[in-house]
Amino acid sequence: MANIIAGTAQLPDIWLRPRIADRSALAGPISPADIDDAAARLARFRPALVGAFAAQGWDGRIRSELLDYAAPGEAPALLLKGDHDLPLTGSIKARGGIYELLVLIERLGREAGLLTEATGYEVLLSEPARAVLARHTVVVASTGNLGFSIGLAARAFGLGAQIHMSYDAKSWKKERLRRIGATVVEHDCDYTQTVARARAAAEASDTAYFVDDETSRLLMLGYATAGRELAEQLDARGIAPTQDKPLVVYLPCGVGGAPAGITYGLKTIYGEAVVAIFVEPHASPCMLAALATGAVAEPPAVYAFGRDNRTIADGLAVPRASALALETVGAAIDGAIALPDSEMLDWVGRAWRERGLRLEPSAAAALAAVPRLLAAALPEGWPDLQAATHIAWATGGGLLPDDEFERLLGAP
Ligand SMILES: *Cc1c(COP(=O)(O)O)cnc(C)c1O
């Protein structure tokens, strides 16, 4: 493959910013007002989502629990954000993926004159609306979870869904997509190349709408709304992060859109009182590579560092980070940690045995990163992390089939 260069340059396993970033580090084409707008749109859509997923009995809210992982009182405090159990989709991709789709559906409904000031959003479930929406196909590249969230929401509103999947996509994730009526296009290349192929397929069609995981500000805004959700949950627990007693969030990172959106949302609220740590597989440390080398304007591929992008964490198997993620939070990410697959697997087992949590390796990575950071030599000026509240963001796995999950638990 042309893009594999013999590895010479070395990457560290952990990269930490000398000083915790504050709000002024945020940049790029999204703003706090855009997050307000996204939250308001999600609220407007609730009745339509309830109707579209009536059979599943969903309340139309994309919201997850904040759980205790460590026993209360144990130091340091460790909580878990349960996006692995997000309704319908079982992954964090519901936040960005469903949000971008709703923006599209709202626009198509308005352009057709069906959704107006006088109607409610349920009108989008009517036969005339379905006829309009059925003329459009959503195209997206995915290693599995993004395609499922987008495919599920697209099919529920009657749009077509064409999901392009990279070599690391698991076959059960492909099967699940076919069952909901999505078209699965299989590629024998990595995620970065699959995105390029999906983009080309969409450009060649008049009826396609491409969800671009590398450049989409709408995806990022959907993820960013999670910042407020978490802030409400922390308020309810009486946790008020400060610079001395910060919140440390461990965010599994693939292309970077989800952790970037969440970092943006949280830094907007908490500034330097939140420490954002991105977590990646040792084989695919694309964000760490960009940060550690300073190549944030043109993120490098991990192959240049002798990494092969072969990892059990299919949700994180991305060789090149999103330039948009780097533009928005490249100066606001406080640290990046790269972990071997064995540590993620170890934590898949621990999370199951200790707390009954069904996590995929990509999500267990967040937990595995906690002891890594606590054991690291911190830059001078960083707060004492023993006094911090640590939150592992569990990004997926709730819908893992039993046999898949048992295979993970049995893996050496
Ligand atoms: C997609 C995904 C991530 C990371 O999101 P990116 O936007 O690709 O960085 C993390 N965990 C799981 C389970 C995912 O599916």
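How many nonpolar, polar and charged residues does the lining of the largest pocket have, by class? The answer comes at the fourth stop of this tour.

**Before you start**

This is a predicted model, in which local features need pLDDT of at least 70 and side-chain atom pairs count only at pLDDT 80 or more, while totals for chains, interfaces and linings use all residues. Residues are numbered from 1 along each chain as its sequence is written, and side-chain values use heavy atoms, with hydrogens and water left out.

**First stop: the ligand**

Select the ligand and the 16 residues around it, of which Lys 93, Asn 145, Gly 254, Gly 256 and Thr 395 come nearest; a residue counts as near if one of its heavy atoms lies within 4 Å. Show the side chain of Lys 93, where an N or O atom is 2.7 Å from an oxygen atom of the ligand. Then turn to the backbone, where an N or O atom of Val 255 lies 3.0 Å from a ligand oxygen and an N or O atom of Gly 257 lies 3.2 Å from a ligand oxygen. Taken alone, the ligand exposes 380 Å², and the protein buries 98% of that, with accessible areas taken from the Shrake-Rupley method with a 1.4 Å probe.

Now colour helix α9 (residues 257–270), which gives the most to the shell around the ligand, with three residues; helices here are DSSP runs of H or I with at least four residues, and strands are runs of E with at least two, numbered from the N terminus. By class, the shell divides into six nonpolar, eight polar and two charged residues, where Ala, Val, Leu, Ile, Met, Phe, Trp, Tyr, Cys and Pro count as nonpolar, Asp, Glu, Lys and Arg as charged, and the others, Gly among them, as polar.

**Second stop: the largest cavity**

On a 1 Å grid over the protein atoms alone, a cavity is a set of points where a 1.4 Å probe fits but cannot get out, a pocket is an open set with protein on both sides within 12 Å along at least five of seven lines, and lining residues have an atom within 4 Å of a point. The largest cavity holds about 230 Å³ of space, and of its 23 lining residues, Lys 93, Gly 254, Val 255, Gly 315 and Leu 316 lie nearest its centre. Two or more lining residues come from each of α4 (145–156) and α9.

Select Asp 213, Tyr 223, Gly 257 and Ser 322, which are among the residues that line the second largest cavity, a space with a volume of about 40 Å³. Helix α7 (residues 217–224) gives the most to this lining, with three residues.

Move to Ala 39, Leu 42, Ile 62, Arg 63 and Glu 229, which lie nearest the centre of the largest pocket among its 16 lining residues. About 370 Å³ of space lies in this pocket, and α1 gives the most to its lining, with five residues. To answer the opening question, the lining has six nonpolar, three polar and seven charged residues.

**Last stop: two loops**

Finally, select Pro 76, in the loop between β2 (66–68) and β3 (77–82), where the peptide bond from Ala 75 to Pro 76 is cis, with omega near -10 degrees. Then select Leu 88, in the loop between β3 and α2 (93–111), a residue other than glycine whose phi has a positive value, near 70 degrees.

Methods:
Polar contact = N/O pair within 3.5 Å; in protein donor to acceptor, adjacent residues only side chain to side chain. Points joined across faces, edges and corners; volume = space filled by probe spheres on them.
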